[in-house]
Amino acid sequence: MARVVLDDLMKSYGNFHAVNHVSLTVEDGEFVALVGPSGCGKTTTLNLVAGLLPITSGDITIGDQVVNDLDPKDRDIAMVFQNYALYPQKSVYKNLAFPLQMRKLPRDEIDRKVKEAARVLDMTHLLERKPRELSGGQQQRVALGRALVRDPAVFLMDEPLSNLDAKLRVQMRSELKRFHHDLQATIIYVTHDQLEAVTMADKMAVMNGGNLQQYDSPAQVFAHPANMFVASFIGSPAMSLIPLEASTVDGNIVLTGAEGWSLPLSSFNSRKIQNAKTRKVVLGARHSTIKLHKTAVSDAVPAKAYTVEPTGDVTFVQAFLSGAIVNISVPPNVDVAPDEQIWLEFDQERMHLFDGETEMAIKAD
Amino acid sequence: MAETSTARARPRKRVDRWRWAGRIFLGLMLLYTAVPMVWMLLTSIKSGFAAMQLPPQWWPAEPTLASYQKLLDPQNSVGADFLHFFWNSLIVSTLTTILGVIVAVPAAYAFSRFRFPGRNFLFFAVLLRNMFPAVIFLVPLFILMRWLGLVNSHGSLVVTYLTFGLPLSIWLLKGFYDNIPIQLEQAARIDGATRFQAFLKIVMPLSVPGIIATAIYSFIGAWNEYIYAYTFLNRNDQLTLPVGIQRFFSENTTDFPGLMAASFMMSVPVVVLFLVLQKYFVRALTEGAVKH
Ligand SMILES: Nc1ncnc2c1ncn2[C@@H]1O[C@H](COP(=O)(O)OP(=O)(O)OP(=O)(O)O)[C@@H](O)[C@H]1O
Ligand SMILES: [Mg+2]
C-alpha cells in the first residue's frame, strides 16, 4: 500500500484542459471518492494516475516514487474500467487469472486467489462463462474481481458499481468497504453516486470542468462547501441558493430579497458579511434547515408554495423566493397546497453564505 | 410468438413476400455462379471426344477420371508440368500471404492506434495504389524488377503481389483494430503486460477474423494473378498455374477435359481454405468486452 500525490497535475488537449492544476494527496490506506458532473475529468485523472495517458505537466507520486514516466505495469496499480474492458476471448476464470499470470505467480496460488475473489463477488458459478454470456451487473463484478485478485499499492476504480441493481449495489458497497477496511487499501474511486461517496470514502474530491473544487472528508464537504458549485452538487435534493442583497439597517446587517423583505442575521453571520468584498450575497440552505410556517412569525420571510411532493417519509415543498426555487422538507402531516402563502425560517447556525461574484463561501475571519 | 391478433398477421405476410423475393434472387445468383463451375466439373470427367460433341452432351455418358489421373501422375509429362506449376503457385501465394500478414498487421495497428505526423497522408497514400488499374504499373514494375535482377524469379511476383494486396489488407485490418476497444489493451497493461504483450495476448487473438480475411484475400489475389506472372516469368519451370494452364492446355492442345480438370484442381485450394477458415467469420469476437 502506498500514498498517492498529485502535484499541479495538468492534462490538456490543445486549449482544452481536461485536468487543470489538480493537486491532492491520498494518504496510505485512504479511500478517496472522486465526484463531479459528467465530463469533469474524473476518468482522465484516473488514467493519468494509471499511466494510460501522458501527462501534460505536473507530477504523480506513488509511494516514494515519481511515476510520471513509468509504464502502467510498473506502477503497481489495479484498475476497474468504467466500461469494464473484460477480455472477451477469455473465460471469467481466465480474466481473473490474467493479472496474476502476468506477474508470474505459481499456478496453485493463482487458482486459490481467483476462487477466493469469485467467492467474495458471488460468481463461483460463472467462472467458466465468457463475458458475452454475462449480464451487465455480472460483467461489472468480473471487472471488479480482476482488480481485487491482486494486491497492488493503489486501486483505481471508475464507477465500479454503476450498473448493478439497487440491492446488489448496497451489498457490493459493504463488501468494498469491508475489503478496504481489511486490506487497508489505498483506493481512488470515481462515482456519480453521492451516497456511495459519503458512505464509503474517507475523503471526497469534488471536480468541475477539470478543476478540483474541494478536497475534504464527506462530512466537511457537506457541512462546509467551499463554493456554490460544491454546495449545489453535494446533497440531494440540492441545496437551495438564493441571491440576496446585503445592507445595514439601524446598524444591523440584513439580507434583502427581490420581493423587498429583509432577513436579519445572527452576529456570526453578520461578521461574515462584513468580511465580504461584495454586497451581492447568495444564501445557501439545505431543505432540512428551513422551517416552514403557515403563519407569519418573526425572522421568517414570506414565500409562495409552488409544488408539493409527498414521498412518504417526508414531503418536499418547493417555493419561489427572490427568483430562486427553494426546497423545504416538512413532516408528511403538514398540509401545504400549491400557491399557498407560507413563511420560511432559516437556521442561522446551518446556513451558508456565498460571495455572489466569486461564488466562493464567505469565511468568518 | 403466438399469433393472437390479425393486425399483426398482415405485416408478417408482407415480410414473407420479401423473404421469398430474396430467396428467388439468391437462387438466381446461385445459378449464375454455379452453372459455369458445374459445367467445368462435368466437362472434366468426359472423354476428349465427348467434350467436343455438338449438340453438347449435357451429362457425360461415360464419366472418366482419366484427365485427373493424367494431371496427378508425375511420370506423365503433362502431369509433371501441372504439378510443378501447382507447386510454384503454392510457393508464391503462400509467401505473399505470410509476408502480407506480417507487414499488414503492424501497419494497420499503427494506423489505428497511434497519432503520428503524416498519418492521414500516409494512409491515403497507401490507399492511392488501389485507385489505378494494376496493368498501369506493368511496364514500370518490369523495368524495376530487371534493375533489381528479379526478372524470372518468384521473388518478382511476391514483391508485386505484396504491393497490390497490402493497401486493402491494411485498410481492412485497420477497421478490425478500430473496433477493438482501447480499454482492453489498457487493462492488459495495468494487469502487467508490456505494450507488445498487450497486443500479442489480447489484441491479436481478437483480430484473428480480420487476419484470416486478409490472408484469404491476398492468397486468392496471388493465386489467380495472370498478367504479371505472364510478363515477369519466361522459364517454363517457373510458371504459376494461371499462365501454365493457359500455355500448355489451351494453346497447344484441344484437350478440353484436361483443361477443365486443371482448372477445377486450381480452385480446390481456395475452396478448402474457405471451408477450413469460415468458422472464424461467424461472429465478432469482441462481444461482451465493454459496456454499451
Ligand atoms: N482524446 C481527447 N481529446 C479531447 N478531449 C478529450 C479527450 N479525452 C477526453 N476529453 C475530454 O476531457 C473531458 C474529461 O473527460 P473524462 O472522460 O475524464 O470525463 P469524466 O469525468 O470521466 O466523465 P463521465 O462521468 O461522463 O465518465 C471531457 O470533456 C472530454 O470530452
Ligand atoms: Mg468517466
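Which protein donors does the magnesium ion (ligand 2) have, and how far from it do they lie?

Modeller: A word on the ground rules before the site. This is a predicted model, so local features need pLDDT of at least 70 and side-chain atom pairs count only at pLDDT 80 or more, while totals for chains, interfaces and linings use all residues. Residues are numbered from 1 along each chain as its sequence is written, chains are lettered from A and ligands numbered from 1 in the order in which they are written, and side-chain values use heavy atoms, with hydrogens and water left out.

Now the metal. Its protein donors are Thr43(A), through OG1, and Gln82(A), through OE1, at 1.9 to 2.3 Å. Donors here are N, O and S atoms within 2.8 Å of the metal (3.2 Å for Na, K and Ca); water is not among the atoms, so sites may look incomplete. Thr43(A) sits in helix α1 of chain A and Gln82(A) in the loop between β6 (77–80) and α2 (92–102) of chain A, so the pair ties together parts 39 residues apart in sequence. Helices (H or I, at least four residues) and strands (E, at least two) are DSSP runs, numbered from the N terminus.

How covered are these two? Thr43(A) is partly exposed at 27% relative accessible area, and Gln82(A) is partly exposed too, at 31%. On this scale buried means under 20%, exposed over 50%, and partly exposed in between (1.4 Å probe, protein chains only).

Both residues turn up again around ligand 1. Thr43(A) is among the residues that come nearest to ligand 1, along with Ser38(A), Gly39(A), Lys42(A) and Thr44(A), out of 13 around it; "around" takes a heavy atom within 4 Å. Gln82(A) puts a polar side-chain atom 2.9 Å from an oxygen atom of ligand 1. The protein buries 62% of the 640 Å² that ligand 1 exposes when taken alone, with areas from the Shrake-Rupley method and a 1.4 Å probe.

A backbone N or O atom of Cys40(A) lies 3.2 Å from an oxygen atom of ligand 1, and a polar backbone atom of Gly41(A) is 3.0 Å from an oxygen atom of ligand 1.

Notes: Polar contact = N/O pair within 3.5 Å; in protein donor to acceptor, adjacent residues only side chain to side chain.
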